[in-house]
Amino acid sequence: MPASLPDDCTGLIDLQRGVIARWQAAAVGLDLAAVDVLLRTGRWRPLYRGVYAAYTGEPPRESQLWAASLRAGPGAALSHHTAAELDGLTDRPTPLIHVTIARDRRVRFDGGGPPAGGPRLVIHRADRIDDMRHPTRTPPRTRVAETVVDLTQLSASFDEAFGWLSRGVGRRLVTPELLHEAVTRRSRVRWREEILGSLTLIGSGIHSNLERRYVRGVEQAHGLPAAERQVRFVRGARYPRSGYLDNLYTSFGVGVELDGSAAHPVEDRWQDIHRDNFCARLGIVTLRFNWTDVTRRCCDVAADVSAVLRSRGWEGHPRPCGPACRLPRRPG
């Protein structure tokens, strides 16, 4: 970086990981003629129209993200999958960079791609961008709750949308309460009622679509008692000292474990066996079901669970989920 740059300018470039926009120059005492000289002599390089790297090498990812947000202009925020990448909602960067701007902004984009052929931009518009943008995190991005709700709106199915909701809460990045607030503040939300209803399930410990399908399609649809979710227990020195049961009917000593994996590694299978053995020592009977069981044979699963619950003291009766339910009819 040239030593002759004003201090305010060098400070801004350092903050923005070596990137500066043309529209920022005057505020930090940088003459635009000097910018043009730096570009013409190759000491700086363009990343997007009007956005420059104050160096000549390939820009790292964070510089690319800063450049994208600056290309969208003042008040813009990285959003959707890009904000998810920054805040740990997803573990892999996406080839596109998502940026949200105010709905009434008019920004000319020439295809969104930088001169060097780097990441292209996807521009979204929002009415509440000032509220949605995080007040302190850099590069500028949407708040986690807003990011999660944005991603539900891009989802191809509600199962995918639920996955974003449960991942945000499961990774302790956001709470169901903040997600509820973000949904209710929007005038238009696809699957609004389903999302709000699912937040209650997620708050009770439902961490996956398989667990949600079990609660809705097996337990609630057939009138079974509500289990406790993600119940932690402590084991002795022979096995790992703690573990979790997906569902535990505590009063009856019945656990239900759900396995969504098509392939089950041998070491994971043995961990399951050790957990079941330990639960048996505590007097807990463990039933196990997979995705196909819960989604295609939910009535049979309800029959199995209710039979074991009744054998252990439950005095209720399961109810048919509909005219085609395969639950055995109650005698009399």
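## Terms and model

Two strands pair if DSSP finds at least two bridges between them. Helices (H or I, at least four residues) and strands (E, at least two) are DSSP runs, numbered from the N terminus.

This is a predicted model, in which local features need pLDDT of at least 70, side-chain atom pairs count only at pLDDT 80 or more, and totals for chains, interfaces and linings use all residues. Residues are numbered from 1 along each chain as its sequence is written, and side-chain values use heavy atoms, with hydrogens and water left out.

## The chain as a whole

The chain holds 13 helices and 10 strands. Of its 332 residues, 48% are buried. Buried means under 20% relative accessible area, exposed over 50%, and partly exposed in between (1.4 Å probe, protein chains only).

Contact means heavy atoms within 4.5 Å. Take the contacts between residues at least 6 apart in sequence: 57% of them join residues at least 24 apart.

## The sheet of S1, S3 and S2

Three strands form an open sheet here, in the order S1-S3-S2, with antiparallel pairing. Strand S1 (19-21) and S2 stand at the edges. Each has a single partner strand, so one side of each is left without a neighbour in the sheet. On average, neighbouring strands of this sheet are turned by 35 degrees against each other, direction ignored. Axes are lines fitted to C-alpha atoms, for helices over the stretch in contact, and angles run from 0 to 180 degrees between N-to-C directions.

Strand S2 (residues 45-48) and strand S3 (residues 51-53) run antiparallel and are joined by 3 bridges. Arg45 stands opposite Ala53 in S3. Tyr48 has Val51 of S3 as its bridge partner. The hairpin of S2 and S3 has 2 residues between the strands. In this hairpin, Gly50 takes a positive phi near 80 degrees.

## The sheet of S4, S5 and S6

Another open sheet has 3 strands in the order S4-S5-S6, and its pairing is mixed. Strand S4 (77-78) and strand S6 (120-126) stand at the edges. Each has a single partner strand, so one side of each lacks a neighbour in the sheet. S4 pairs with strand S5 (residues 96-102) in the antiparallel sense, over 2 bridges. Ala77 has Thr100 in S5 as its bridge partner.

Two helices lie across this sheet's strands. Helix H3 (residues 61-71) lies across S4, S5 and S6 and runs at about 30 degrees to S5. H4 also lies across S4, S5 and S6, running at about 110 degrees to S5. Glu85 has its place in helix H4. Glu85 counts as buried, at 18% relative accessibility. Leaving aside neighbours within four places in sequence, Glu85 is in contact with Arg61, Leu65, Thr90, Pro93 and Thr94.

## Helix H6

Helix H6 (residues 144-154) is largely enclosed by the rest of the structure, because 9 of its 11 residues are buried. The buried residues are Val144, Ala145, Glu146, Thr147, Val148, Val149, Asp150, Leu151 and Thr152. Their cover includes helix H4 (80-87), helix H5 (129-132), helix H7 (158-170), helix H8 (176-184) and helix H9 (192-203).

## Nonpolar cores

A nonpolar core is a set of buried Ala, Val, Leu, Ile, Met, Phe, Trp, Tyr and Cys residues joined through side-chain atoms within 4.5 Å. The largest has 50 residues. Those with the most contacts inside this core are Leu179, Tyr214, Val218, Tyr249, Val256, Phe289 and Val305. The elements that give two or more residues to this core are H6, H7, H8, H9, helix H10 (209-220), strand S9 (254-259), strand S10 (285-290) and H13. H13 gives the most, with 8 residues.

Leu179 touches Ala145, Val148, Val149, Leu165, Val169, Val174 and Leu199, not counting residues up to four places away in sequence. A second, separate core has 19 residues, including Val19, Leu65, Ala72 and Val99.

## The largest pocket

The largest pocket is lined by 16 residues. Arg103, Arg125, Ala126, Arg186 and Arg188 lie nearest its centre. S6 and H6 each supply at least two residues of the lining.

## An exposed arginine

Arg329 lies in the segment after helix H13 (298-311). Arg329 is exposed, with a relative accessible area of 80%. Arg329 and Arg319 are 10 residues apart in sequence and 8.9 Å apart in space, C-alpha to C-alpha.

Notes
On a 1 Å grid over the protein atoms alone, a cavity is a set of points where a 1.4 Å probe fits but cannot get out, and a pocket is an open set with protein on both sides within 12 Å along at least five of seven lines; lining residues have an atom within 4 Å of a point.
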